[in-house]
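Open the model in your viewer and keep the selection tool ready. We will go stop by stop.

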Amino acid sequence: MSEATSRARNRATADDVARVAEVSRVAVSRAFNPHASIKPEKRDRILKVAQELNYTPDVAARSLVTRRSHLVGVIVPDVCSPWESQEIDALTTALQAEGFATLLFKTRTDRSMDSQLLTYMKGYNPDSVIAFTENVGPEILGQILDRAVPIYVSYPHEETIEPIAPGPRFDRLDVIQRDGIDQAIALMQGFGARRFAYLAGDPHASASLEREYVLRQVMAARDLGEPLIVPGDFTYDTAYRATIDLFRIGDGVDAIFAANDVGAFGVLDALRHELGLKVPQDVKVVGFDDIAQSHWKSYDLTTVRIDLDERVRALVRLILRRLKNPDAPALSETIRTKLVVRGTVG
């Protein structure tokens, strides 16, 4: 019976792997670190021996030494909607490529977080936490996190981006929405739209409120007056019903800007299948996000795009920058939006 086979029955150690692979103990550690410099053939040999010996690194022991858990907490308000699920998938993939595992936490419907979940998070001692909801603020996370500095996504007005205020430290990804919204309104206006409605998102979400604010600013600058505000919640069904009410009870409009793509899908289906209106001839529709389903031929949606890959790369950069310099002042990254033109405007 070979040494590898006999040892496979029990949990092997790094020293066992080093002896069989004929390398140093340090080389074994480097082989399991995706960022360590080691020759590919040596890494492959060590990993092969480790598999034969049934060896896996003791993450808990390593964490005690390095004070890093290689865990990233992600707090989301929803895991089922297309945007959130696509972002979680892309973010998890990018974090795994950097050697991190992801801990997913879901908020209540009002976007607050259960205190017990916060206790669980503290127990895992994550290296970083990304909060996709402003209701779980830095003053809350600052009380339960050890070394980690939370990251928030904000949607500031470009003309009023300010330094992060004093208080619990946090890092920030700023998403500038004005470029894409201005391009969307300009396109609809250019095709003759004059009466605009804004189909809002979740009233608890700053993203929707900030989109409304920017939309008002853009329309005022273009002498288009005030948009009609239609309450929504980012869901298809609410958007569908609200669109029917807008035209059957109200006077209707000739352009609808939706706070997200899923809402825009509800608008399109209500216009076409319930109200018998043509898009874009009778009503022009623009969404927001550019989720994967937006280019499907049944929707072919013109939408304001947040580049998901760029957004994920910026979040990962914030994590790596913070780990490289834990005591640095508040860090920030900025990305911008742009319009993706398809078939629902002109």
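How many bridges join S9 to strand S10, and do they run parallel or antiparallel? Select S10, residues 302-305: four bridges join S9 to S10, and the two run parallel. Strands count as paired if DSSP finds at least two bridges between them. Strands (E, at least two residues) and helices (H or I, at least four) are DSSP runs, numbered from the N terminus.

Before moving on: this is a predicted model, where local features need pLDDT of at least 70, side-chain atom pairs count only at pLDDT 80 or more, and totals for chains, interfaces and linings use all residues. Residues are numbered from 1 along each chain as its sequence is written, and side-chain values use heavy atoms, with hydrogens and water left out.

**Across the strands.** Select Val304. Val304 in S10 is the bridge partner of Phe288. Next, show S12, residues 338-340. Three bridges join S10 to S12, and these strands run antiparallel. Thr303 stands opposite Val340 in S12.

The whole structure holds five aromatic pairs. Rings of Phe, Tyr and Trp (its six-membered ring) pair if their centres lie within 6.5 Å; planes under 30 degrees apart are stacked, over 60 edge-to-face, the rest tilted. Select Tyr198 and Phe257. Their ring centres are 6.1 Å apart and their planes at 25°, so the pair is stacked. Tyr198 lies in S6 (residues 196-199) and Phe257 in S8 (residues 255-258), so the pair ties together parts 59 residues apart in sequence.

Phe257 and Phe288 pair edge-to-face, at 6.5 Å centre to centre and 75° between the planes. Phe288 is in S9 (residues 284-289), 31 residues from Phe257. Ring pairs link Tyr198, Phe257 and Phe288 into a cluster.

Is Phe288 buried or exposed? Phe288 is buried at 0% relative accessibility, and Phe257 is buried at 1%. Buried means under 20% relative accessible area, exposed over 50%, partly exposed in between (1.4 Å probe, protein chains only).

**A charge over the rings.** Select Arg211. Its charged end sits over the ring of Phe288, 3.7 Å from the centre. Arg211 also lies over the face of Tyr155, at 5.5 Å from the ring centre. The test is NZ of Lys or CZ of Arg within 6 Å of the ring centre and within 35 degrees of the ring normal.

**The core.** Finish on Leu91. Leu91 is among the residues touching the most other members of the largest nonpolar core, which has 74 residues. Such a core is a set of buried Ala, Val, Leu, Ile, Met, Phe, Trp, Tyr and Cys residues joined through side-chain atoms within 4.5 Å. Helix H13 (residues 308-324) gives the most to this core, with seven residues.
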